[in-house]
Amino acid sequence: AKCKGQYGVDMSCEYKGILFVISSVGVERAGESNQINQDHYWHLENNLKNSNARWKICVWHMTMEKMQVSYKGDSTGWAAYEICRKYGAFIVGGHAHVYSRTREMSRFGTKNYGFTREDLRWWNAPDDDQIYLASGENGTTGVAIVGIGGYKNEACLRSGNFWSKIYSTRCDRCSGCHRAPNANKFGTLICDFPEFGPYARAMCWLATTPRQGASNAEFQAAVRNRNPIDRFTLIAGKRPNDKGVSSRASSDDKKNDSRQFLKRHGLRIMMDCFDKEPRDEYSCNDRANWNQCNDAWIVRDNYCAKSCKRCGPESPEQPTPPRSAQEEFALDRAFEQFDTNRDSFIDFDEWEQLYYITRPGAKDDEVERVERVEGQFINADSNGDGKVSRGRFAVLLEEDIKP
């Protein structure tokens, strides 16, 4: 990982296309009118703005009263949440010793006269286990408060319609709360990021663990329980048919402009194809290698769809026309320069970086991002595996220079 900044205060780390921006906002002083938190806001925005990572995650300890379900008060200011939302960064916090996770949030606050006032808006629909992470003024994100690492799990004292899941030892005052048994009241949030292309998906789940000193029976029961209390999907992109917050709208409505653009080009898109891993020590690759893809429980619960090739027929990478030795040499040099992780492929993050280096003003243009950056990459990625080989690299550049 490439990390910079002061550990535990203002720090950012990027690892294989995932950016973590860590801040102590709200720890030294509460609110957003003081210079200390203003400096933290600058750190958040500067690091998010200057990264081309596909996945961005904001992490801080403190919170706001409405962004937790225990008794904690306002600390960070809504500006911190708004900054991360506008860059499509998922937000993970702590402080409150209860697990809670929001629906997809489209607004936390509105700035008036230099101060961000509370203005909570969210996606109010049945598919609250899908959170789209989109950047821009109308960007969207989600928040997970994970404070049940082992110290205690407290009572839930407040709730709200924007909460999707709550896991607490006492749910008396909270609707939609799942009661945590004493044997499994601690846990952590785990996310798997297997995809990095357009509309990439990541699976997240709350993994609980038996308390210290639990009996053998309690440990065995925890091992057998392969159904997490909370499981949700992060999707890197704008929600289809996004018309703002609506209690009636559904993500199953007509496709958004970017998918229509790709469909017009007749491309095989794997946007809805990803692996949901079984909750045991064996991976989807293991299941595929052991010829278990047709086992009833794997098919029934839609495990390992990508590894088991249940997303559609595999297609070979299409060849490109031959070129002169001079052209091939130039392409070799360019490919080596932008294959930053040296895996002999250009992934979407590397292509996005190349594109924006040559067009500094294009980064804020959502139409150009969909129809040029993402569309060109998918056109070159003829077999839909999320990466472009040296043999197809010329197609990427040819599309780029077309008028």
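Q: In E12, which residue is the bridge partner of Ser 168?
A: Arg 179 is the partner in E12. Keep in mind that this is a predicted model.

Q: How many bridges join E11 to E12, and do the two run parallel or antiparallel?
A: There are 3 bridges between E11 and E12, and the strands run parallel.

Q: What sheet are they in, and in which order do the strands come?
A: They belong to an open sheet of 9 strands, ordered E1-E2-E3-E4-E5-E10-E6-E11-E12, with mixed pairing.

Q: Which ones are the edge strands?
A: Strand E1 (2–6) and strand E12 (177–179), each of which pairs on one side only.

Q: OK, helices. Which strands does H1 touch?
A: H1 packs on the sheet and touches E1, strand E2 (10–15), E3 and E4. The direction of H1 makes about 175° with that of E3.

Q: Where does H2 lie?
A: H2 lies across E4, strand E5 (90–93) and E10. Relative to E4, H2 runs at about 170°.

Q: At what angle do H1 and H2 pack, and how far apart are their axes?
A: The angle is about 0°, and the axes are 10 Å apart. H1 is therefore roughly parallel to H2, since angles under 35 degrees count that way.

Q: Which residues make that contact?
A: From H1, Tyr 41, Leu 44, Glu 45 and Leu 48; from H2, Ala 79, Ala 80, Ile 83 and Cys 84.

Q: How many of those are nonpolar, polar or charged?
A: The contact of H1 with H2 has 7 nonpolar residues, no polar ones and 1 charged one.

Q: New topic: how many residues are in the largest nonpolar core, and which have the most contacts inside it?
A: That core has 36 residues, and those with the most contacts inside it are Leu 48, Trp 60, Met 67, Tyr 81 and Phe 108.

Q: Which elements give two or more residues to it?
A: Among them are helix H1 (35–49), helix H2 (78–86), strand E4 (55–60) and strand E7 (105–112). The largest share, 6 residues, comes from H2.

Q: What is Trp 60 in contact with, leaving aside neighbours within four places in sequence?
A: Its contacts include Leu 44, Ala 80, Tyr 81 and Cys 84, as well as Ser 23, Val 25 and Thr 76. Ile 91, Val 92, Gly 93 and Gly 94 are also in contact with Trp 60.

Q: What other core lies apart from the largest one?
A: There is another core of 21 residues, among them Ile 57, Tyr 99, Cys 204 and Ala 236.

Terms used
Residues numbered from 1 in each chain as written. Predicted model: local features only at pLDDT ≥ 70, side-chain atom pairs only at ≥ 80, totals over all residues. Heavy atoms only, no water. Core = buried A, V, L, I, M, F, W, Y, C linked by side-chain atoms within 4.5 Å. Buried < 20%, exposed > 50% of the residue type's maximum accessible area, 1.4 Å probe, protein only. Helix = DSSP H or I, 4+ residues; strand = E, 2+ residues; numbered from the N terminus. Contact = heavy atoms within 4.5 Å. Pairing = 2+ DSSP bridges. Axes fitted to C-alpha atoms, helices over the stretch in contact; angles between N-to-C directions. Parallel < 35°, antiparallel > 145°, perpendicular 65-115°, else oblique. Nonpolar A, V, L, I, M, F, W, Y, C, P; charged D, E, K, R; others polar.
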